[in-house]
Amino acid sequence: MVIFLGLIASVLVVALAFTLQRRNIIIVSMLLAVVVAVQYLLLGRGTAATLNLVTLAYGVLTFYETRYPWLKSNLSLILLGGAYSGVFFLLNGVALNPDVLAYIASITGVIVMGVQNQIAAKYLMLINGVTWTAYQLGTGAYGQLPGEVFYTVGVIISLVILYRAQGQGKDLNEIPELGRLLLGFFMRRYTALRPSKREQVHVG
């Protein structure tokens, strides 16, 4: 069951790496938080599970940003950091253990949902990926490791796309998701290779 959840989490982290727009990042992060919380609960890592539930709660709050503008301010991130710190030290005290990595990874992961700058968000994702990988190696959550590798590659590719678009003076908020870009690329290739109706010769 743990391996299965790890594989689902792998798919979600890869999807997250290739996601560029903030709203989609939030939705994928919420799905990932649910899966990972259950995974670490089964592994007996209560701290990591609880921290992911805090991430899920923050994701829900972001849907109310238009009603409560302060949720988009730095104040919300400060309060969020305080919530993570409170949960962590309440469950662990001040001892240094693998859960410190989960603490760092959870904070960077949830801040990604609040950051408006897409390039900054991707750099936070890199830090998040490295710390979660170290935590997974230390706690036996091996099913998610392949996803973390693809996640890192995806984040780097996303950064290249964002920097190129920025250099061309494009609005980063108007860039389509990488999945749509890849689909469009292959569809154009398919259309170019496929003969038109005029070129098709019917024999017989």
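Helices here are DSSP runs of H or I with at least four residues, strands are runs of E with at least two, and both are numbered from the N terminus. By that rule the protein has 8 helices and 0 strands. Along the sequence, the pattern reads α-α-α-α-α-α-α-α.

Before you start clicking, note that this is a predicted model, where local features need pLDDT of at least 70 and side-chain atom pairs count only at pLDDT 80 or more, while totals for chains, interfaces and linings use all residues. Residues are numbered from 1 along each chain as its sequence is written, and side-chain values use heavy atoms, with hydrogens and water left out.

**Stop 1: the whole chain**

Show everything and think about cover. A residue is called buried under 20% relative accessible area, exposed over 50%, and partly exposed in between (1.4 Å probe, protein chains only). Of the 204 residues in the protein, 42% are buried.

**Stop 2: helices H2 and H3**

Next, select residues 22-42, which form helix H2, and 46-62, which form helix H3. Two packed helices are described by the angle between their axes and the distance between the axes. For H2 and H3, the angle is about 155° and the axes lie 8 Å apart. The axes are lines fitted to C-alpha atoms, for helices over the stretch in contact, and angles run from 0 to 180 degrees between N-to-C directions. H2 is therefore roughly antiparallel to H3 (angles over 145 degrees count as roughly antiparallel, under 35 as roughly parallel, 65 to 115 as roughly perpendicular, and the rest as oblique). The crossing of H2 past H3 is left-handed, the term for a near helix turned anticlockwise from the far one by less than a right angle.

**Stop 3: a charged pair**

Now pick Glu-65 and Arg-22. They form a salt bridge, with the closest N and O atoms 2.6 Å apart; the term requires a side-chain nitrogen of Lys or Arg within 4 Å of a carboxyl oxygen of Asp or Glu. This pair links distant parts of the chain, since Glu-65 sits in the loop between H3 and H4 and Arg-22 in helix H2, 43 residues apart. Are these two residues buried or exposed? Both Glu-65 and Arg-22 are buried. The count by this rule comes to 1 salt bridge.

**Stop 4: a nonpolar patch**

Switch to a surface view and colour Ile-27, Leu-31, Val-60, Phe-63, Tyr-64, Tyr-68, Trp-70 and Leu-79, which make a nonpolar surface patch of about 750 Å². Patches are made of residues with over 30% relative accessible area and no salt bridge, joining nonpolar side chains (Val, Leu, Ile, Met, Phe, Trp, Tyr) within 5 Å and like charges within 9 Å. Areas come from the Shrake-Rupley method with a 1.4 Å probe, and for residues only the protein chains shown count as cover. Zoom in on Trp-70, in the loop between helix H3 and helix H4 (74-92). Trp-70 is partly exposed because its relative accessible area is 42%.

**Stop 5**

Select residues 2-17, helix H1, which includes Ala-17. Ala-17 is buried, at 0% relative accessible area, and its C-alpha atom is 8.4 Å from that of Ile-156, 139 residues away along the chain. Leu-5, also found in helix H1, counts as buried at 8%.

The C-alpha atoms of Gly-143 and Ser-10 are separated by 7.6 Å.
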